[in-house]
Amino acid sequence: MKKLSGPYTYQNLKDDISRLAADFPWLEIGSIGKSVWGKELWYIRIGEGKTKLMYCGAHHGMEWITSAMLIRLAEDFARAKQQSTALGGFNVKALCQRSSLYIVPMLNPDGVRLAVSGLPNRLDIKMKQYLLRINKSSDFSRWQANANGVDLNHNYDALWRKSKELEAEYGIYSPGPTRFSGRFPESEPESRALAEFTRKHNFALTISFHSQGKVIYHGFMGKEPPNSLKIAKAFTGISPYQLDNTEGIASFGGYKDWFVDKFNRPGYTVEVGTGQNPLPVSQLG
């Protein structure tokens, strides 16, 4: 991945996807669906093993740094596999024989577009006026939602009704830049695409990357399997990240919550970096 001098955009992602396809023609690259504005929701598969894992980034627009991080991971992983070298002390070629890693680097490209560059010029005047009204500002740099004003990480069927009931306590009564959970679970093309992709592939474990705080959230309502906490503690053993618990409205309707609730398997939300969103690109290292 080229060194970034600014935010990671959908165009950056498309360029990186094309380069990865050229450098590693054996990669499986495709789309799980399209966003509200018709952008492809790309995925990359590395490995051919039966055990399937899924990493996802940028549920939230201003958390575009997670997309850049996952593309860098995909490139490092693919290169290690191709060159039969180790990565982080692990034999990548052997890992790929046992498992397959699916990476969805940018689930919310429209939200990323708004957070990085504001309103697209091509939007019709009614859509521009709508987005300006629900954002209550012309500054979209802290925009989290998709182009419909729905927070994708509150749009999954995991005590979704509870999330809906709590919205009023946060002053949320309609679509906006954050926290609005939609009209019903999976109402949005992006969350629906990821849910369908998950159901299709029967993942053994998923990680949804967000920013920020250097914390790991795991489990949901006690439905996670016994090894979920063991895996989470293993993550803290190889990183400076600590386990934490969600509170309030953030405790319901998320992708991690839905995965644990519906599949009873280990699912995690990892909050990368520290500071205030959007995190500076310098935190990629």
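## Helix α7 and its packing

The buried residues of α7 pack against β1 (28-34), β2 (40-46), β3 (51-57), β6 (99-104), α4 (109-117) and α9 (255-263). Contact means heavy atoms within 4.5 Å. Those buried residues are Glu190, Ser191, Ala193, Leu194, Ala195, Phe197, Thr198 and His201. Buried means under 20% relative accessible area, exposed over 50%, partly exposed in between (1.4 Å probe, protein chains only).

This is a predicted model: local features need pLDDT of at least 70, side-chain atom pairs count only at pLDDT 80 or more, and totals for chains, interfaces and linings use all residues. Residues are numbered from 1 along each chain as its sequence is written, and side-chain values use heavy atoms, without hydrogens or water.

## Span and end of α7

Helices (H or I, at least four residues) and strands (E, at least two) are DSSP runs, numbered from the N terminus. Asparagine 202 follows α7 with a positive phi, near 55 degrees.

## Salt bridges

The count is 14 salt bridges, each a side-chain nitrogen of Lys or Arg within 4 Å of a carboxyl oxygen of Asp or Glu. Glutamate 186 pairs with arginine 199 at 3.0 Å between the closest N and O atoms. Glutamate 186 sits in the loop between α6 (160-166) and α7, arginine 199 in helix α7, 13 residues apart.

Aspartate 261 bridges to lysine 223, with closest N and O atoms 2.5 Å apart. Aspartate 261 lies in helix α9 and lysine 223 in the loop between β8 (215-218) and α8 (227-237), so the pair ties together parts 38 residues apart in sequence. Aspartate 261 is buried at 14% relative accessibility; lysine 223 is partly exposed at 38%.
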